[in-house]
Amino acid sequence: MEYYVIYFFLTLALSTLFSMGGVGSAIGLVPIFSMMGMPLNLAKAIGLFINSASTITASIMNFFRGVLDIKFAIPLIISIMIATPIGAWMSQYVQKEIIEWVLVAFLVVSALLLIFSNREQKVVYDKAWILYVIGATVGLISGTIGVGGGSLIMPLLILLGFDAKKAAYAISFVIPFSTLGAFATYLSFVDMDWTLLGVVTVAAIIGGYLGDRIMHYRLTPSQVKKLIAVVLLLLAIKMIYKLIGA
């Protein structure tokens with residue numbers, strides 16, 4: 001029982017924080033679950049499903065609020081739906097240590113992009129092909145390491161000149177299309193703990209709701225991005241210490 005309570009509140013806290021930035025919490029939860037002793041492939045599968053649960057909640061609220069630009073999200077949806085399951089399938093043939101180092105690099109790059117992507121843009125590069133390339137590249141990587149990819153897509157879109165909140169709303173809508181496909185792929189070679197999956201999914205839905213409310217009414221996008229970046233860098237340092245010390 002205590003085991004499930006710990007995972008519930010851990011998922012609730014991180015899902016609330018990351019949904020405030022319009023990204024899924026798997027990028028934070030997967031390394032933490034792994035460091036707590038959970039098999040890496042199981043952590044990735046659960047992380048992908050959690051991302052779906054929390055971002056679906058936020059997307060439903062954004063749709064009814066009228067702030068979601070579905071046309072803008074379509075190129076990302078198409079490319080990431082194809083690429084993410086391919087990355088998930090490839091991951092079973094890649095050594096665990098290599099995936100963990102890729103995850104560390106993903107954490108650091110995402111954090112740096114979140115910190116340094118808030119400069120004012122004079123030009124907006126909004127061609128559809130660049131959205132297809134971003135979706136395919138991030139989908140392949142995120143499927144391999146078991147995260148949704150929103151924490152990487154969002155700063156890239158901001159660097160291209162898109163509005164931070166518009167990007168966050170679109171990414172919340174895109175993530176379930178990628179993560180559910182990758183989750184189904186992982187089920188083909190992972191022994192799932194269905195009780196744990198149910199517990200953390202409930203926590204992720206509540207966290208997605210709380211985070212979206214806080215983002216919309218309490219904090220600025222800049223404040224949220226910096227807070228998430230600090231969490232990602234701390235996780236990267238912890239993982240590097242574990243990998244070097246192993």
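The axis of a helix here is a line fitted to its C-alpha atoms over the stretch in contact, and the angle between two axes runs from 0 to 180 degrees between N-to-C directions. Keep that in mind as you look at this predicted model.

Let's start with helix α4, residues 70-91, and helix α8, residues 164-187: they pack at an angle of about 30 degrees, and their axes are 8 Å apart. Angles under 35 degrees count as roughly parallel, so α4 and α8 are roughly parallel to each other. Their crossing is right-handed. Who does the touching? On the α4 side you'll find, among others, Ile70, Phe72, Leu76 and Trp89, while α8 brings residues including Lys166, Phe173, Phe177 and Tyr186. Sort the residues of this contact by type and you get 16 nonpolar, five polar and one charged.

Now hop over to helix α2 (residues 26-35) and helix α5 (residues 96-116). This pair packs at an angle of about 140 degrees, with the axes 11 Å apart. That angle makes α2 oblique to α5, and the crossing of the two is left-handed. Here Ile27, Val30, Pro31 and Ser34 from α2 meet Glu100, Leu103, Phe106, Leu107 and Ser110 from α5. The tally for this contact is six nonpolar, two polar and one charged.

Finally, a word from the records. The unreviewed UniProt entry places "transmembrane region" features at several stretches, including residues 70-91 and 227-244. In the model, residues 70-91 are 100% helix, with end C-alpha atoms 30 Å apart. Residues 227-244 are also 100% helix, and there the end C-alpha atoms lie 26 Å apart.

Key:
Residues numbered from 1 in each chain as written. Predicted model: local features only at pLDDT ≥ 70, side-chain atom pairs only at ≥ 80, totals over all residues. Heavy atoms only, no water. Helix = DSSP H or I, 4+ residues; strand = E, 2+ residues; numbered from the N terminus. Parallel < 35°, antiparallel > 145°, perpendicular 65-115°, else oblique. Left-handed = near helix turned anticlockwise from the far one by under 90°. Contact = heavy atoms within 4.5 Å. Nonpolar A, V, L, I, M, F, W, Y, C, P; charged D, E, K, R; others polar. UniProt positions renumbered as here; feature names shortened; annotations may be inferred.
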